[in-house]
Amino acid sequence: MTDTNPTKKQKMAETPVNPRIIALFDVDGTLTIPRGEVTPDMMAFMKELSKKITVGIVGGSDLPKQEEQLGEGIAKVFPYNFSQNGLVAYKDGELQE
């Protein structure tokens, strides 16, 4: 079984079957209860989905808060991460300027 502990460092998902299809998920109220931590079932779902399509994370909080909710290194788990309401973007774990 895949380790879905959100507090452990996580690694980038492999290239999906349909990489041109992208689904972006909001953190608070979608992936987690507001200001809460992701459940193991939700993280397992996201990782399974990322095998089929490109998955990204969007949130109003900064990256450290997203890591509290989704796990350390979350910007490296899925190819796209947008924090601070989209003002800060990461692609493959690298800050985009």
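Which residue in β4 does Tyr 80 stand opposite? Tyr 80 stands opposite Lys 91.

Good morning. The structure before us is a predicted model, in which local features need pLDDT of at least 70 and side-chain atom pairs count only at pLDDT 80 or more, whereas totals for chains, interfaces and linings use all residues. Residues are numbered from 1 along each chain as its sequence is written, and side-chain values use heavy atoms, with hydrogens and water left out.

I begin with the sheet. Five strands, in the order β1-β2-β3-β4-β5, make up an open sheet with mixed pairing. Strands here are DSSP runs of E of at least two residues, and helices are runs of H or I of at least four, both numbered from the N terminus. Two strands pair if DSSP finds at least two bridges between them. The edges are held by β1 (18-26) and β5 (94-96); each has a single partner strand, so one side of each lacks a neighbour in the sheet. From one strand to the next, the twist averages 25°. Axes are lines fitted to C-alpha atoms, for helices over the stretch in contact, and angles run from 0 to 180 degrees between N-to-C directions.

Two helices come next. Helix α1 (residues 40-49) packs on the sheet and touches β1 and β2 (53-58), its direction making about 135° with that of β2. Contact means heavy atoms within 4.5 Å. Helix α2 (residues 63-70) lies across β2, β3 and β4 and runs at about 120° to β3.

Let us return to β3. Strand β3 (residues 80-83) pairs with β4 (residues 88-91) in the antiparallel sense over 4 bridges. Phe 82 has Ala 89 as its bridge partner in β4. The hairpin of these strands has 4 residues between them, and Gln 84 takes a positive phi near 50°.

Beyond it, β4 and β5 run antiparallel, joined by 3 bridges. Ala 89 has Gln 96 as its bridge partner in β5. In this hairpin 2 residues lie between the strands, and Asp 92 in the turn has a positive phi of about 50°.

Finally, the aromatic rings. Rings of Phe, Tyr and Trp (its six-membered ring) pair if their centres lie within 6.5 Å; planes under 30 degrees apart count as stacked, over 60 as edge-to-face and the rest as tilted. The count is 1 aromatic pair. The ring centres of Tyr 80 and Phe 82 are 6.5 Å apart and their planes are at 5°, so this pair is stacked. Tyr 80 is partly exposed, at a relative accessible area of 26%, and Phe 82 is partly exposed at 22%. Buried means under 20% relative accessible area, exposed over 50%, and partly exposed in between (1.4 Å probe, protein chains only).
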